[in-house]
Amino acid sequence: MLASGISCSKEIPGTAGDDGMSALEHKVTFRINLDGRNIAATKAVTSGVYDDATINRLDIFEFKTWNSKPVEHYTLTAEEIEAGEFILQKPTDQTFRYLVVANGGPLAMARLEQQTPASAEYSTPSYHRLPEAYGGADSIPMGAILQVSYNSDHSEDINLYRYMYRVDVGSITANFDNPVWMGKDVFVKRIALINVYRAFPYYYWMGSYSSFNPMNCLFGVKSSYNSSKPFFGGITTSAWRGMGSSIGGDTSVYMYNGSGGTESYTITMNNNYRYSAGTLSITATDELLDATVQSYDNSEGEGRLCSSTNPSQSHTLTVNKSFYAIPGTADCGNYGITQTYNNQNAYPKLVIELDVNGNTVFYPIQMYYPQPNTVYSISSITLKGAGSSYSNFIEEKTPVDYSMAVVPWTDITIDSIVIDE
């Protein structure tokens, strides 16, 4: 492939052979990798239930300085994506940093042209709407950041990482501690990811002149492991923080709208923090609804776990569903799923909603700091306890000891009563 073959929003400087400067320029061949494999070699990298390795669009933002807007924005053609590589040619000894985005939304990509990187890795990044970048399980937003020096003709690998995480649920089994429940009509109504985000940053910063860590630039900073607050999935070192806020609930930020201005935008999706008992709030729509929720039509018999009339009813429901969300944890409330109402947290959760003889019961599973580009495979979930009245937490019950005694009769002696009539 030739450098001049790239489709870009701006002309690539120094294309091969026409300006008499070729002796002072170098070519760099960029190879696009996903899951450690070149996309041209694998063609279709599949994992789990869905194909979430498809690349429909690839944008490259070129930064000459680390605190200014990108100087170039290149968009690859479908043929270049299929080939799995492209070439850029620059004057010798120049150094650039690149943000590479796969499956970015057109509006968000246009905004990135005008976005100035944050001044430090602890700064608040610019958020973009997830609906503009998520097109279903075959269009997962991905990113990479790399630094390239044009001091020789050579190759560079672009290792793409998915901005989202995935939770695979294989099956749900009823094996209640209370045997009476096994003889009731029990249905799974919904399975959902709650307290997740519908916005995300394509990058946190582009580093400084003397400091450059591609993964920190892409995903921000990490938090250290704390044994009293273990991370979801058993990570025992450190974990990316992802998006976050100091409060839970419907946190809003100002973001670009479709007409060139800004507007207040609620970044929390399927928020259930401090919602009333018996409630499962679902705000996701379209592709994001399918990404975060699995529903069953109980009136048609879907989702049944137990039957009051059929003793041979299977107590296992095959789910085989992949759920997708953006990493992030609202840092409020107390760690642990069992809390008082006021101390419940706003961490993301996978929650199972049951109908038990017409009554709603929830089984929330806490997910503390889920990680990008990570699949959490849950082969089976077994329900044993009585669940919770709340979708976001299990209410803490305080034991109270009572003593009981029979109070002695009060003895009143009446000498006599005379009734004349």
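What follows is a set of questions about labels and the values behind them.

Modeller: This is a predicted model, in which local features need pLDDT of at least 70 and side-chain atom pairs count only at pLDDT 80 or more, while totals for chains, interfaces and linings use all residues. Residues are numbered from 1 along each chain as its sequence is written, and side-chain values use heavy atoms, with hydrogens and water left out.

Biologist: What makes T318 buried or exposed?

Modeller: T318 has 55% relative accessibility and therefore counts as exposed. T318 is placed in strand β21 (residues 316–325). Its C-alpha atom is separated by 6.6 Å from that of I172, 146 residues apart along the chain.

Biologist: What makes I412, I414 and I417 a patch?

Modeller: A patch takes residues with over 30% relative accessible area and no salt bridge, joining like charges within 9 Å and nonpolar side chains (Val, Leu, Ile, Met, Phe, Trp, Tyr) within 5 Å. A salt bridge is a side-chain nitrogen of Lys or Arg within 4 Å of a carboxyl oxygen of Asp or Glu. I412, I414 and I417 form a nonpolar patch on the surface, with about 370 Å² of accessible area together. Areas come from the Shrake-Rupley method with a 1.4 Å probe, and for residues only the protein chains shown count as cover.

Biologist: How do you know how many cavities there are?

Modeller: On a 1 Å grid over the protein atoms alone, a cavity is a set of points where a 1.4 Å probe fits but cannot get out; a pocket is an open set with protein on both sides within 12 Å along at least five of seven lines, and lining residues have an atom within 4 Å of a point. Grid points are joined across faces, edges and corners, and a volume is the space filled by probe spheres set on the points. By this rule there are three cavities of 30 Å³ or more. The largest cavity has a volume of about 110 Å³, and the second largest cavity about 70 Å³.

Biologist: What classes make up the lining of the largest cavity?

Modeller: Ala, Val, Leu, Ile, Met, Phe, Trp, Tyr, Cys and Pro count as nonpolar, Asp, Glu, Lys and Arg as charged, and the others, Gly among them, as polar. The lining of the largest cavity divides into 11 nonpolar, one polar and no charged residues. Among its lining residues are Y163, F200, W240 and G242.

Biologist: What is the volume of the largest pocket?

Modeller: The largest pocket has a volume of about 410 Å³. Of its 19 lining residues, the closest to its centre are Y204, R241, G242, M243 and G244. Its lining has eight nonpolar, eight polar and three charged residues.

Notes:
Helices (H or I, at least four residues) and strands (E, at least two) are DSSP runs, numbered from the N terminus. Buried means under 20% relative accessible area, exposed over 50%, partly exposed in between (1.4 Å probe, protein chains only).
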